[in-house]
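Subject: The model and what turned up in it

Hi there,

Here is the structure I promised to pass on. Please have a look at it first, and my notes follow below.

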Amino acid sequence: MGEQVTPSIVAWAGGPEALERLTEAFYGHVAADEVLAPLFAQMDARHPRFVAMWLAEVFGGPAEYTARRGGHPHMARQHLGRGITERQRRRWVELLMDSADEVGLPSDPEFRAVFAYYVEWGTRMALVYSGEDPPEIGPAEVPRWGWNQTPPWQG
Ligand code: HEM
């Protein structure tokens, strides 16, 4: 039996390109959604790619968001003062999960569990930063997600 190497989450997802397909589909839905569209009305056309770049870094890919887009402090600052509501956060999660199905991200329980784990955490963090009295934004690094309790099932 050969030794099995656990792939990174981004590799399991289908690579950075798969995350770009995900965010393209997602922001298409956002633009048409009455709950979320107003928040993203001034969005940069490159926003979907920046978010894909962020996700790739979180999920074990190259530190491209850190190198090219200001890393965690820049990302966190984008949410300041936006007053995201729980309803908007929930819709964000729902549309992202719909988009994951649409673009065919892997549907195995382990991948989806770890993906949902990050998305649940990240959206709650965005809400906290967007509200009154946000945490101070320090020089923290982009979080790096691992498989944790659910390494991929490889048979
Ligand atoms: C896991 C959850 C989330 C991630 C990974 C994420 C990621 C990002 C990133 C990377 C940026 C900065 C893009 C750049 O470099 O310019 C950003 C901006 C932004 N995010 Fe989030 N975000 C999350 C949750 C949310 C939620 C829940 C909302 C609102 C419901 C939200 C609203 C926004 C808005 C309005 C901007 C600024 C867009 C613009 O006008 O350019 N984010 N987000």
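Two things to know before reading on. Residues are numbered from 1 along each chain as its sequence is written. The model is predicted, and local features need pLDDT of at least 70, side-chain atom pairs count only at pLDDT 80 or more, while totals for chains, interfaces and linings use all residues.

**Back to T6**

T6 counts as partly exposed because it has 13 C-beta neighbours inside 10 Å. For this term, a residue is buried if 20 or more other C-beta atoms lie within 10 Å of its own, exposed if 12 or fewer, and partly exposed in between, with C-beta atoms placed from the backbone. T6 and P152 are 146 residues apart in sequence, yet their C-alpha atoms are 7.5 Å apart in space. Leaving out residues up to four places away in sequence, T6 touches W147, P151 and P152; two residues are in contact if their C-beta atoms, placed from the backbone, lie within 7 Å.

**The chain as a whole**

Of the 155 residues, 25% count as buried. Among contacts with a separation of 6 or more, 81% are between residues 24 or more positions apart.

**The nonpolar core**

In soluble globular proteins, nonpolar side chains tend to be buried together. Here the largest nonpolar core has 30 residues, and A13 and L19 touch the most other members. A nonpolar core is a set of buried Ala, Val, Leu, Ile, Met, Phe, Trp, Tyr and Cys residues joined through C-beta atoms within 7 Å. At least two residues of this core come from each of α1 (9-13), α2 (16-31), α3, α5, α6 and α7, and the largest share, seven residues, comes from α3. Apart from its neighbours within four places in sequence, L19 is in contact with V10, A13, A52, L55 and A56.

**Around the ligand**

The ligand is surrounded by 24 residues, and the closest are F50, W54, Q78, G122 and A126; a residue is near a molecule if its C-beta atom, placed from the backbone, lies within 6 Å of it. The elements giving two or more residues to this shell are α3 (47-58), α5 (71-77), α6 (86-102) and α7 (109-130). The shell divides into 12 nonpolar, eight polar and four charged residues.

UniProt lists H74 under "binding site", in an unreviewed entry; its positions are given in the numbering used here, feature names are shortened, and annotations may be inferred rather than shown by experiment. H74 is in helix α5 and counts as partly exposed, with 14 C-beta neighbours inside 10 Å. H72 is also placed in helix α5, and H72 is partly exposed because 18 other C-beta atoms lie within 10 Å. Leaving aside residues up to four places away in sequence, H72 touches A140, E141 and V142. The C-alpha atoms of H72 and I137, 65 residues apart along the chain, are separated by 8.6 Å.

**A few more residues**

- R87 lies in helix α6 and is exposed because it has 10 C-beta neighbours inside 10 Å. Its C-alpha atom is 9.3 Å from that of L36, 51 residues away along the chain.
- E94 is found in helix α6 and is partly exposed, with 14 C-beta neighbours inside 10 Å.
- D133 is in the segment after α7 and is exposed, with 5 other C-beta atoms within 10 Å. Its phi is near 55°, a positive value in a residue other than glycine. Most residues other than glycine have a negative phi.

Definitions and conventions: Helix = DSSP H or I, 4+ residues; strand = E, 2+ residues; numbered from the N terminus. Nonpolar A, V, L, I, M, F, W, Y, C, P; charged D, E, K, R; others polar.
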